[in-house]
Amino acid sequence: MRPAREEDLPSAERASAALFFEADRRSRRVCEPEIEPRSATASKQWIERMRYYLRVDPAGCRVAVGEDGEVVGFAMSQNRGDVWYLATYGVLTRYQGQGIGKRLMDAVLAHADGRPGLFSSTVHPAATRRYRLAGFTLHPQMRMVGTVDRSTLPAVSGLREGRADDFEWMDRLDERLRGAGHGPDHAYMLERLRLVVSDDPGRPGYVYIDEEQGRAVLPAAAEQRTAQDLLWEALAASHGDTLVNCVTTANHWAVDVGPAARLDIGQEGYLAVRGMAEPAPYLASGHFL
């Protein structure tokens, strides 16, 4: 095990793609579409994102490497101000049960240096046991999937396109909701996603929209009505099947929107938090939590 390097990223991506493809196939419900392997575009995006983490906070990124030099385990974490987050973590199935996962997790938690933290977790029993032993509270998450019934879309007002000069108040909102701002992550996301914000300074909120995948990313607001407006705006931009995930019990404002748009509700993993309350109104979607 050692610090991750840029030359590790293609190998780490292959390990990640294989691991999560296998996990998704195991957890797939009969009524859900077949799980597809990660696309070439998504693989490129994964590597680009990890390269960004290595540039901003390299000490939070660790890999385990086999005798052939291939990555067999990875833990990519970041410190942002007073909060730590784990962006992605895993060990190839055939290497599990050898203590690799524990060593990787211990290393990135040492990097957290006592900061409160959060990440989205699968339901893998060994992993969830490790998270709980590390002091994380596991909040069950829901996901909402399907094609939006466009006849249900309400007229939403008071929103506008976001800009880089919104980041200052967005970080203040992040501090209120999760203990620290996203800092440079906002600029990274704005280059790749559409940003929509509340135009009312008394009701701050924002959501990123992945227009390629047709889904909301990281909706956050000071109060639930604004959060719902932002989520409706993201759903209006969707095309075909969409996904709203990381919905915890403190965020039932989102559950009210999903069924109204004719999305189906299911369960998915946990939001793991340590040293902080469950963020709301806030959905910790994406790798930036």
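Analyst: Happy to! Two strands pair if DSSP finds at least two bridges between them; helices (H or I, at least four residues) and strands (E, at least two) are DSSP runs, numbered from the N terminus. This is a predicted model, where local features need pLDDT of at least 70, side-chain atom pairs count only at pLDDT 80 or more, and totals for chains, interfaces and linings use all residues. Residues are numbered from 1 along each chain as its sequence is written, and side-chain values use heavy atoms, with hydrogens and water left out.

User: What makes strand β6 and strand β12 a pair?

Analyst: Eight bridges join β6 (residues 137–147) to β12 (residues 264–274), and a pair needs at least two, so they count as paired. They run antiparallel. For instance, Thr-137 has Val-273 in β12 as its bridge partner.

User: Why does one side of β1 and of β11 lack a neighbour in the sheet?

Analyst: The open sheet has eight strands in the order β1-β2-β3-β4-β5-β12-β6-β11, with mixed pairing. β1 (2–3) and β11 (241–247) stand at its edges with a single partner strand each, so one side of each has no neighbour in the sheet.

User: How many helices and strands are there in the protein chain?

Analyst: The protein chain has eight helices and twelve strands.

User: How much of the protein chain is buried?

Analyst: Buried residues (under 20% relative accessible area; exposed is over 50%, partly exposed in between; 1.4 Å probe, protein chains only) make up 52% of the 289 residues.
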